[in-house]
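Hi everyone, thanks for making time for this one. Let me put the sequence and the model up on the screen, and then we can walk through it together.

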Amino acid sequence: MTTHWILGPGAIGRLLAHSLSPLAATTLIGRRALPEQQALSTPEGERRAQPLNILTVAQLTSETHEPPAFVHITTKAMAAEAALAGVTGSISPSTPLVLWQNGFLAQPRITQAWPGPVLCATTTEGAYLTGDDGVVHAGRGHTFVGDLNNRHSALADELAQTLTQAGLAATKVDDIRQRLWQKLAVNAAINPLVALNGVRNGELRADPYAQRVEAVVKEVAAIMKAEGIQPPNGGQDNGIDGEQAWLALVWQVVDNTANNKASMLQDVEAERPTERGAILGPLIENAQRHGLACEVLLGLDDELAEMEASYLGTHRH
């Protein structure tokens, strides 16, 4: 039986554990102990409870375990490298990793540093936690799996088939880098603005937010062009201006997720650090490298940093 370790018992981590458990030996690993009995609410409204194999990092490192076939890292982007460092003594350096992070911060760093295969997954599965013992699978989506250098096609295909069998529709792709940048572009236009204004995604259609979305997309489209990332949905092939193609994609996602509370807004409400570094950081860095304007992105990053400081400064746990 294939063994999967999942680092990070957040929403995607727990959804993965619930989905893979019936098919594979699955271990969910976190910093603190969680109840073994975990509940999953399906998009259809069904509630299932099942025991999951949950270990703390301390337990994992103090015992001997069967080596995993895959280690999924489902933490936030800024915690991915530390999470991996916590288990490297317990796994072989040839173990395949699967990175589920938003943004484009952890993926290139870990791909470069890890001796074994590193797969990247980008998903539109919707999930959120309800306390220490529950996760809601809010909406079915699709997951794309590949690696940045396109060298592990068979492995990506194997994982995509396993995920699909587990009820999480997945496809192996050769252009995961392109897809990660696309998701990053959309996240940059939506996440910071909803987090700063405390609104749901659909509200970005209204003034004054809509103009700010357009201003973000203008800068993002120029950065994507400089990075050689093709505009979405055929873009220039259909004679559509690249900036318009990016804007159309952002509005499409805003409409499709109108009632969603974006992850960055959830972080702000829970007074946690946001993923601004993983989402805005790579865009700002590349804009500066290419000598492009990024005042809007820098402004959002500053506003988010100030907001984080306002609660982390006094409420640091």
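One term before we start: when I say that two residues touch or are in contact, I mean heavy atoms within 4.5 Å. With that in hand, look at Leu297: leaving out residues up to four places away in sequence, Leu297 touches Val216, Glu219, Val220, Ile223, Leu280, Leu283 and Ile284.

Now the ground rules. This is a predicted model, where local features need pLDDT of at least 70 and side-chain atom pairs count only at pLDDT 80 or more, while totals for chains, interfaces and linings use all residues. Residues are numbered from 1 along each chain as its sequence is written, and side-chain values use heavy atoms, with hydrogens and water left out.

Let's zoom out. The protein has 12 helices and 12 strands; these are DSSP runs numbered from the N terminus, with helices being H or I of at least four residues and strands E of at least two. Its radius of gyration is 19 Å, close to the 20 Å that the globule rule gives for 317 residues, so the protein is as compact as a globular protein of that length. That radius is taken over C-alpha atoms, and the rule is 2.2 Å times the number of residues to the power 0.38. Along the principal axes, the C-alpha trace spans about 55 × 45 × 40 Å.

How much of the protein is buried? Of the 317 residues, 49% count as buried, where buried means under 20% relative accessible area, exposed over 50%, and partly exposed in between, using a 1.4 Å probe and protein chains only.

Back to Leu297, then, and the core around it. The largest nonpolar core has 50 residues, and Leu204, Val213, Leu283 and Leu297 have the most contacts inside it. By nonpolar core I mean a set of buried Ala, Val, Leu, Ile, Met, Phe, Trp, Tyr and Cys residues joined through side-chain atoms within 4.5 Å. Helices H6 (176–197), H7 (209–226), H8 (242–256), H9 (263–269), H11 (281–289) and H12 (295–312) each supply at least two residues of this core, and H6 gives the largest share, with 13 residues. Apart from it lies another core, of 26 residues, including Ala11, Leu20, Ile54 and Leu163.

Stay with Leu20 for a moment. Leu20 is in helix H1 (residues 11–20) and is buried, at 1% relative accessibility. Beyond four places in sequence, Leu20 touches His4, Ile6, Thr26, His72, Thr162 and Ala166.

Finally, some backbone details. Most residues other than glycine have a negative phi, and most peptide bonds are trans. Which bond is cis here? The one joining Asp207 and Pro208, with omega about 0°; Pro208 is in the loop between H6 and H7. Asn150 has a positive phi, near 55°, and is found in the loop between strand S11 (143–146) and helix H5 (153–165). Glu271 also has a positive phi near 55°, this time in the loop between H9 and H10. Asn150 is partly exposed at 38% relative accessibility, and Glu271 is partly exposed at 29%.

That's my tour, so over to you for questions.
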